[in-house]
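Thanks for coming. I will show one structure and walk through a few places in it.

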Amino acid sequence: MKTNNKGITLIALVITIIILLILAAVAIQLALGDNGLIKKAQSGQEAQTIAEVKEKFKTLELAAWSDYTASSKSSEDNAKYVQALNAALNEIKTPIIKDVTVSGSFQLGGESGYYTLVSSNVNILFKNQNKIRISMDTNGKITMQDVE
């Protein structure tokens with residue numbers, strides 16, 4: 001007797017579904033796991049943004065510093081330097097660079113006509129997490145430190 005079975009068996013169907021579920025679980029783990037693609041992409045975006053902030057601020061700060069060192073460092077020059085530094089802070093925060101905010105500003109001491117530079121600290125935040133501390137000493141020297 002000749003039989004012509006032209007279908008798939010229930011066992012073959014169950015095995016196929018199990019294999020597909022295993023492949024799906026592996027793919028989800030690769031995408032969403034602790035070392036997954038999404039986490040790596042997010043940390044890469046954060047590192048790139050922090051590097052962009054540092055580079056942009058340093059470029060603007062060096063331009064302000066070169067003008068300041070060539071000046072007579074009068075009260076007006078101190079005010080222009082601090083104004084340039086605070087303008088640089090505005091250039092690195094949202095909406096210009098996404099998810100970046102600034103806490104603090106550079107300060108002057110004294111009163112009109114007798115401005116002096118004051119030691120100041122500014123924090124740069126990425127997604128509300130402190131990432132960089134920028135400090136200015138009383139001579140106008142700027143230092144940047146990563147905050148972990």
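**A serine and its surroundings**

In this predicted model, a polar atom of the Ser120 side chain sits 2.9 Å from the backbone oxygen of Val118. Where is Ser120 placed? Ser120 belongs to strand 4, which covers residues 120–126.

Is Ser120 buried or exposed? Its relative accessibility is 4%, and buried means under 20%, so Ser120 counts as buried. Leaving out residues up to four places away in sequence, Ser120 touches Ser105, Phe106, Gln107, Ile134, Ser135 and Met136.

Next, the core. The largest nonpolar core has 22 residues, and the members that touch the most others are Phe57, Phe106 and Ile124. At least two residues of this core come from each of these elements: helix 2 (37–69), helix 3 (75–91), strand 4 and strand 5 (129–136).

Take Ile124 from that group. Setting aside neighbours within four places in sequence, Ile124 has contacts that include Val53, Leu89, Ile92, Val100 and Val102. Also in contact with Ile124 are Gln129, Asn130, Lys131, Ile132 and Ile134, among others.

Last, the surface. Which residues form a nonpolar patch there? They are Ile8, Leu10, Leu13, Val14, Ile17, Ile18, Leu21, Ile22, Val26 and Leu30, and together they have about 980 Å² of accessible area.

One of them is Val14, which lies in helix 1, residues 10–32. Val14 has a relative accessible area of 41%.

Conventions:
Residues are numbered from 1 along each chain as its sequence is written. This is a predicted model: local features need pLDDT of at least 70, side-chain atom pairs count only at pLDDT 80 or more; totals for chains, interfaces and linings use all residues. Side-chain values use heavy atoms; hydrogens and water are left out. Helices (H or I, at least four residues) and strands (E, at least two) are DSSP runs, numbered from the N terminus. Buried means under 20% relative accessible area, exposed over 50%, partly exposed in between (1.4 Å probe, protein chains only). A polar contact is a pair of N or O atoms within 3.5 Å; within protein, one must be able to donate a hydrogen and the other to accept it, and residues adjacent in sequence count only if both atoms are side-chain atoms. Contact means heavy atoms within 4.5 Å. A nonpolar core is a set of buried Ala, Val, Leu, Ile, Met, Phe, Trp, Tyr and Cys residues joined through side-chain atoms within 4.5 Å. Patches are made of residues with over 30% relative accessible area and no salt bridge: like charges are joined within 9 Å, nonpolar side chains (Val, Leu, Ile, Met, Phe, Trp, Tyr) within 5 Å. Accessible areas come from the Shrake-Rupley method with a 1.4 Å probe; for residues, only the protein chains shown count as cover. A salt bridge is a side-chain nitrogen of Lys or Arg within 4 Å of a carboxyl oxygen of Asp or Glu.
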